[in-house]
Amino acid sequence: MNLAAHILRLMGWKVSVDVPDLPRCIICVAPHTSNVDFLLGELAIRSVGRSAGFLMKKSWFFWPLGFFFRKIGGVPVDRRPGGPSLVEELTRRFKDSKELRIAITPEGTRSRTTKWHSGFLRIARDADVPVMLAVIDFASRHIFIHDMFHPTGDIDSDMRAVKDYYAPYQGKYPEKFTTEDDPRQ
């Protein structure tokens with residue numbers, strides 16, 4: 001048992017991953033209601049002998065955290081309007097890479113939101129990579145990846161399918177997680 005697996009076991013968490021270790025994929029992670037999710041996700045992926053990069057707000061990449069985050073696979077995201085297209089940049093990275101795994105939280109925030117970001121679906125479609133559906137379920141203290149999703153190209157339908165998949169699970173702060181649709185749509 002490696003150190004990450006030992007730490008999770010001591011914390012009372014169970015991890016199971018039964019999808020193949022693909023060289024190129026997006027790992028969709030939900031629910032995301034706390035900064036603890038990042039630590040649990042990193043420990044979980046390393047506990048099964050795998051690794052993945054991750055997206056994180058650019059503001060977290062200050063010294064010395066920025067150095068550390070980049071070392072473990074962090075990709076800073078500039079969320080300012082008019083900034084570079086993250087979808088285009090990550091699609092290009094996937095197309096240019098023989099090996100690239102990126103974890104993405106589609107909620108894009110730890111706050112309650114009905115508007116999940118669809119970029120991960122567009123990147124997966126345009127780069128022709130599968131989406132692994134990773135769950136951090138605080139109700140059962142179980143972190144797992146049992147299923148993969150292949151986007152159809154119908155973003156609304158695909159997003160509904162992804163939200164339906166995550167609906168039964170609970171974040172650290174259940175009131176901050178929803179799979180409801182945006183009522184303005």
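1. Helices (H or I, at least four residues) and strands (E, at least two) are DSSP runs, numbered from the N terminus. The model is predicted, with local features requiring pLDDT of at least 70 and side-chain atom pairs counting only at pLDDT 80 or more, while totals for chains, interfaces and linings use all residues. Residues are numbered from 1 along each chain as its sequence is written, and side-chain values use heavy atoms, with hydrogens and water left out.

2. Helix α1 (residues 3-10) packs against α2 at an angle of about 125°, with the two axes 7 Å apart; axes here are lines fitted to C-alpha atoms, for helices over the stretch in contact, and angles run from 0 to 180 degrees between N-to-C directions. The two helices are therefore oblique to each other, given that angles under 35 degrees count as roughly parallel, over 145 as roughly antiparallel, 65 to 115 as roughly perpendicular and the rest as oblique. On the α1 side the contact (heavy atoms within 4.5 Å) is made by A4, A5, I7 and L8, and on the α2 side by L40, L43, A44, R46 and S47. Sorted by class, these are 7 nonpolar, 1 polar and 1 charged residues, where Ala, Val, Leu, Ile, Met, Phe, Trp, Tyr, Cys and Pro count as nonpolar, Asp, Glu, Lys and Arg as charged, and the others, Gly among them, as polar.

3. Helix α4 (residues 86-96) and α5 pack at an angle of about 35°, their axes being 9 Å apart, and the crossing of α4 and α5 is right-handed. From α4 the contact takes in V87, L90, T91, F94 and K95, and from α5 it takes in G119, R122, I123, D126 and A127. The residues of this contact of α4 with α5 divide into 5 nonpolar, 2 polar and 3 charged.

4. V87, which has its place in helix α4, deserves a separate remark. At 14% relative accessibility V87 counts as buried (under 20% relative accessible area, with exposed meaning over 50% and partly exposed in between, for a 1.4 Å probe and protein chains only). Not counting residues up to four places away in sequence, V87 touches G119, R122 and I123. V87 and I123 are 36 residues apart in sequence, yet their C-alpha atoms are 5.7 Å apart in space.

5. The axes of helix α5 (residues 119-127) and helix α6 (residues 155-166) come within 10 Å and cross at roughly 115°. That angle makes α5 roughly perpendicular to α6, and the crossing of α5 and α6 is right-handed. F120, L121, R122 and R125 of α5 make the contact with I155, D158, M159 and V162 of α6, which gives 5 nonpolar, no polar and 3 charged residues by class.

6. In the segment after α6 one finds T179, which is buried, with a relative accessible area of 14%. Leaving aside neighbours within four places in sequence, T179 is in contact with W116, R160, K163, Y166 and A167.

7. D37 lies in helix α2 (residues 36-47) and, at 4% relative accessibility, counts as buried. The side chain of D37 makes a polar contact with the side chain of H32 at 3.1 Å (a pair of N or O atoms within 3.5 Å; within protein, one must be able to donate a hydrogen and the other to accept it, and residues adjacent in sequence count only if both atoms are side-chain atoms). Beyond its neighbours within four places in sequence, D37 is in contact with P31, H32, I136 and F138. The C-alpha atoms of D37 and K172, 135 residues apart along the chain, are separated by 8.2 Å.

8. Some backbone values call for a second look, because most residues other than glycine have a negative phi, and most peptide bonds are trans. A cis peptide bond joins A30 and P31, with omega about -10°, and P31 is found in the loop between β2 (24-30) and α2. The bond from W63 to P64 is also cis, with omega near 0°, and P64 is found in the loop between β3 (53-57) and α3 (65-71).

9. D128, in the loop between α5 and β6 (131-137), has a positive phi near 55° and counts as exposed at 68% relative accessibility. R141, in the loop between β6 and β7 (142-149), has a positive phi near 55° and is partly exposed, with a relative accessible area of 32%.

Technical notes:
A crossing is left-handed if the near helix is turned anticlockwise from the far one by less than a right angle, and right-handed if clockwise.
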